Amino acid sequence: MSESSIFPAPPSFAAQAAVDSARLRQMKDDALHHPERFWLEQAGRIAWASFPTIASSSSFEGDIAIRWFADGRLNASVTCLDRHLAERGDQVALVWQGQDEGQVERLTYRALHERVCRMANVLRDLGVGRGDRVAIHLPMVVEGVVAMLACARIGAVHVVLFGGFSAEGLADRLVNSGAVVVLTADEGRRGGKRIPLKPTMDEALERATGHDVRHVLVLAVTGAETPMRAGRDLALAPLLAAAAADCAPAIMEAEAPLFVLYTSGSTGKPKGMVHTTGGYMVWASYTHALVFDHKPGDIFWCTADISWITGHTYVVYGPLANGGTVVLFEGLPSHPAPGRWWEVIDTHKVTTFYTAPTAIRALMREGDDVVARYALSSLRLLGSVGEPISADAWLWFHDVVGRGRCPVVDTWWQTETGGILIAPVPAAVPQKPGSATLPLPGVECVLLDDKGRIVTGEGEGCLCIARSWPGQARTIWGDHARFRQTYFSFHEGYYFSGDGARRDADGYYWITGRIDDVINVSGHRIGTAEVEDVVATDHRFAECAAVGVPHDLKGQGLVVFVVPRGGADPALAQEAALVISRGIGRYAAPEQVYVVPDLPKTRSGKIVRRLLRKIASNELDALGDLSTLADATIVERLIVDVAVVEQTGAVP
């Protein structure tokens with residue numbers, strides 16, 4: 001398909017949209033030329049106890065200071081719940097759909113408010129206060145959303161942890177965040193499997209040396225028998241039943257932290273990104289309304305786990321701030337049979353469906369006939385998130401799922417950005433399959449070449465941002481120097497995204513992927529250094545290099561090269577894979593591990609990962625200049641070794 005292929009919004013959609021092209025031009029002009037006025041207007045989208053008089057006092061230079069609406073005061077749970085009670089207290093806020101068809105729970109705004117207040121009182125009664133960190137380690141159940149909002153209500157900082165993390169991965173995050181209370185469950189359900197959450201958390205707490213969690217609250221999800229440590233572990237259900245149904249909200253400064261969320265980095269340990277209350281809530285509400293053309297009566301389903309930033313912003317805070325109805329789904333796309341997601345859409349009359357290219361590609365493989373069995377007539381907008389979407393997947397989503405009548409908003413953003421930065425405003429910006437299209441009003445994108453020079457017009461470079469936006473992360477928890485080094489050292493005065501992009505003649509952006517050593521596997525960011533650090537803990541391996549390769553389902557697959565200390569034992573490949581899965585989580589299991597005699601290095605000892613990527617991807621006709629290698633003969637040896645494994649499955 002040509003990159004010039006353009007899909008404007010269908011007339012039936014455009015006629016009812018809140019923002020047309022003229023309105024979008026006006027918003028962009030106001031944001032550019034009158035930013036203080038523009039952002040104070042946007043601040044009116046949420047509830048304030050004390051409305052701010054200053055929008056931004058941010059600087060991308062020097063020590064890096066990012067501040068938005070700093071003299072304002074608010075509570076995030078009030079914006080999401082209390083302010084809706086008078087007009088829509090009996091409207092459904094949250095629809096929970098379990099794995100089985102009959103497992104459904106609908107909570108009105110009034111009922112959700114009560115559940116949040118009870119959870120908040122449980123936490124308060126355990127001594128949790130403003131600024132304390134609470135780790136939430138739950139499956140996709142209502143209590144996960146309730147716990148996040150309960151933390152916000154009392155001014156605690158939530159740290160949501162993915163259920164697929166290993167004990168080691170959890171321990172690192174518990175220690176780094178200094179969590180005082182943990183909420184976990186006996187088990188999670190994932191298709192026909194049971195995920196042992198409490199046992200994994202118990203192991204993590206044993207590994208979290210030097211840090212003591214005061215209490216572990218345990219939610220019964222499956223009813224599995226769970227060991228409980230006296231004095232520390234408490235069953236959650238009795239505490240909730242006994243708690244008061246109302247809880248006065250803590251009024252917080254706009255720059256008070258709302259949550260810490262960990263994301264993988266290209267070097268060292270995962271980074272705890274700090275998002276604060278005022279700016280993040282404005283950005284969540286603004287982007288959800290603008291990009292998804294949110295309307296009263298919309299049923300919004302974002303398939304992301306709440307432990308990721310997409311789940312934070314577009315399962316919880318954005319839709320609820322805007323008074324929407326959210327679907328929370330526990331199951332898998334094709335369990336117990338292909339078509340499960342389409343069944344959920346028809347059952348709950350979903351109007352907006354936001355998912356990842358990995359899921360779209362998996363659903364494509366099931367065949368068009370599976371989709372055709374469902375009406376999907378409630379859908380009016382589709383969205384894609386997590387990685388660049390290919391043109392063929394975009395077209396299938398548009399034509400087969402959306403029946404050609406739903407705009408597709410392909411969105412680019414990051415954990416660090418808090419919400420969407422580049423996406424088509426659906427009725428105002430025609431879509432191009434595979435392109436994230438244009439920056440939103442107030443987002444000033446710049447392409448820089450490898451020398452830090454601005455690329456004008458058509459061109460390609462590193463995607464950077466020239467000015468702050470309200471949803472931007474403020475720092476890395478406990479390590480502002482790392483924050484400054486990671487995101488602002490590429491070129492002074494610019495936020496460095498780490499992604500490459502190309503801009504076409506129409507000004508549309510096409511994301512080309514990571515330019516640092518972060519691999520995007522099915523939307524999970526995995527730092528190569530994180531993988532290599534884990535392998536280094538096993539002294540059977542002298543060296544290791546992790547790279548990402550194209551994968552037709554996951555977007556990227558993780559491939560690892562290990563150099564053993566002894567001989568090339570055939571079992572070492574599997575052992576290295578187990579070390580990675582145990583050390584990081586099952587989601588980081590490599591596609592392939594190659595046991596090799598050495599790695600390609602420059603004369604200064606730097607591993608040349610671009611060569612490993614090409615060898616692993618079988619791109620052998622474009623290996624490039626090998627003259628800088630300390631030993632160029634290793635390249636031919638690696639090519640042979642990889643070929644042997646691919647052909648026979650044996651370690652050479």
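Modeller: Before we start, one term: two strands pair if DSSP finds at least two bridges between them. Also keep in mind that this is a predicted model.

Biologist: Is E13 mostly covered or mostly open?

Modeller: Mostly covered: 6 of the 6 residues in strand E13 (271–276) are buried. Lys 271, Met 273 and His 275 point one way, while Gly 272, Val 274 and Thr 276 point the other way, and all are buried.

Biologist: Switching topic. What is the order of the strands in the open sheet with 5 strands?

Modeller: The order is E20-E19-E21-E23-E24, with antiparallel pairing. Strand E20 (454–455) and strand E24 (509–514) are the edge strands, each pairing on one side only.

Biologist: How many bridges join E23 to E24?

Modeller: There are 5 bridges between strand E23 (residues 495–503) and E24, and the two run antiparallel. Arg 502 stands opposite Trp 510 in E24.

Biologist: Now the big picture. How is the chain divided into domains?

Modeller: Domain 1 covers 11–502 and domain 2 covers 522–648. Their centres, taken over C-alpha atoms, are 33 Å apart.

Biologist: How many residues are in contact between domain 1 and domain 2?

Modeller: On the domain 1 side 27 residues are in contact with 21 residues of domain 2. About 1700 Å² is buried between the two domains, and carbon and sulfur atoms give 44% of that area.

Biologist: How many salt bridges cross the interface of domain 1 and domain 2?

Modeller: The rule finds 1 salt bridge there. As for a salt bridge to look up in the model, the side chains of Arg 365 and Asp 552 meet in one, at 2.6 Å from N to O.

Biologist: What about the inside? Which residues touch the most other members of the largest nonpolar core?

Modeller: Leu 149, Tyr 317 and Leu 320 do, in a core of 128 residues. Helix H7 (residues 142–154) gives the most to this core, with 10 residues. There is another core apart from it, of 44 residues, including Phe 162 and Met 201.

Biologist: Going back to Leu 320, what is it in contact with?

Modeller: Leaving aside neighbours within four places in sequence, the contacts of Leu 320 include Thr 79, His 84, Tyr 109, Leu 149 and Val 326.

Biologist: What is the phi of Asp 293 near?

Modeller: Phi of Asp 293 is near 45 degrees, also a positive value. Asp 293 is in the loop between helix H11 (277–291) and strand E14 (299–302), and counts as buried at 3% relative accessibility.

Biologist: And which peptide bond is cis?

Modeller: The one from His 335 to Pro 336, with omega near 10 degrees. Pro 336 is found in the loop between strand E15 (325–329) and helix H13 (340–348).

Definitions and conventions
Residues are numbered from 1 along each chain as its sequence is written. This is a predicted model: local features need pLDDT of at least 70, side-chain atom pairs count only at pLDDT 80 or more; totals for chains, interfaces and linings use all residues. Side-chain values use heavy atoms; hydrogens and water are left out. Helices (H or I, at least four residues) and strands (E, at least two) are DSSP runs, numbered from the N terminus. Buried means under 20% relative accessible area, exposed over 50%, partly exposed in between (1.4 Å probe, protein chains only). A nonpolar core is a set of buried Ala, Val, Leu, Ile, Met, Phe, Trp, Tyr and Cys residues joined through side-chain atoms within 4.5 Å. Contact means heavy atoms within 4.5 Å. Domain bounds come from an automatic or database domain assignment. Buried area is the accessible area (1.4 Å probe) that two parts lose on being put together, summed over both. A salt bridge is a side-chain nitrogen of Lys or Arg within 4 Å of a carboxyl oxygen of Asp or Glu.
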